Amino acid sequence: MLKPHPIVLRRLVEEYEALVAAGSAGGPAVRDARIGDLAYTLCVSTGTRDVRHALGTAHRWLAAAGTAAVPAPPAEPDPAVPASGADRWDANAGAPAPA
């Protein structure tokens, strides 16, 4: 299973826990929708089906990663990843033109 980068996982956990602790700040509909989105993302990211298990797994992974072992993401874009649509594979290349 792929694991999320510790920085990304930490941001998800911190935002989820802050929203849950904040109560109804920002309006209940907006807050509840964002909490639902974060809970889903945490579950998918940790391979769990319950947000309580996802948080427990996330906290264990973050503790295992430690702060010294978490490098910052690169400032420069990865040269292997195309930056523009022109560099990507075109699914319609070679297809006949529409009549």
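**Reading the salt bridges**

A: Begin with one pair in this predicted model: Arg 34 and Glu 15 form a salt bridge, with their closest N and O atoms 2.8 Å apart.

Q: Is Arg 34 buried, partly exposed or exposed?

A: Buried means under 20% relative accessible area and exposed means over 50%, with partly exposed in between. Arg 34 has a relative accessible area of 35%, so Arg 34 is partly exposed. Glu 15, at 31%, is partly exposed as well.

Q: How many salt bridges does the structure hold?

A: It holds three. Another of them joins the side chains of Arg 31 and Asp 32, at 3.2 Å from N to O.

Q: How do I read the accessibility of Arg 31 and Asp 32?

A: Take each residue by itself. Arg 31 has a relative accessible area of 17%, so Arg 31 is buried. Asp 32 has 44% and is partly exposed.

Q: Which residue forms a salt bridge with Asp 50?

A: Arg 52 does, and the closest N and O atoms of this pair are 3.0 Å apart. Arg 52 counts as exposed, with 63% relative accessibility.

Notes: Residues numbered from 1 in each chain as written. Predicted model: local features only at pLDDT ≥ 70, side-chain atom pairs only at ≥ 80, totals over all residues. Heavy atoms only, no water. Salt bridge = Lys/Arg side-chain N within 4 Å of Asp/Glu carboxyl O. Buried < 20%, exposed > 50% of the residue type's maximum accessible area, 1.4 Å probe, protein only.
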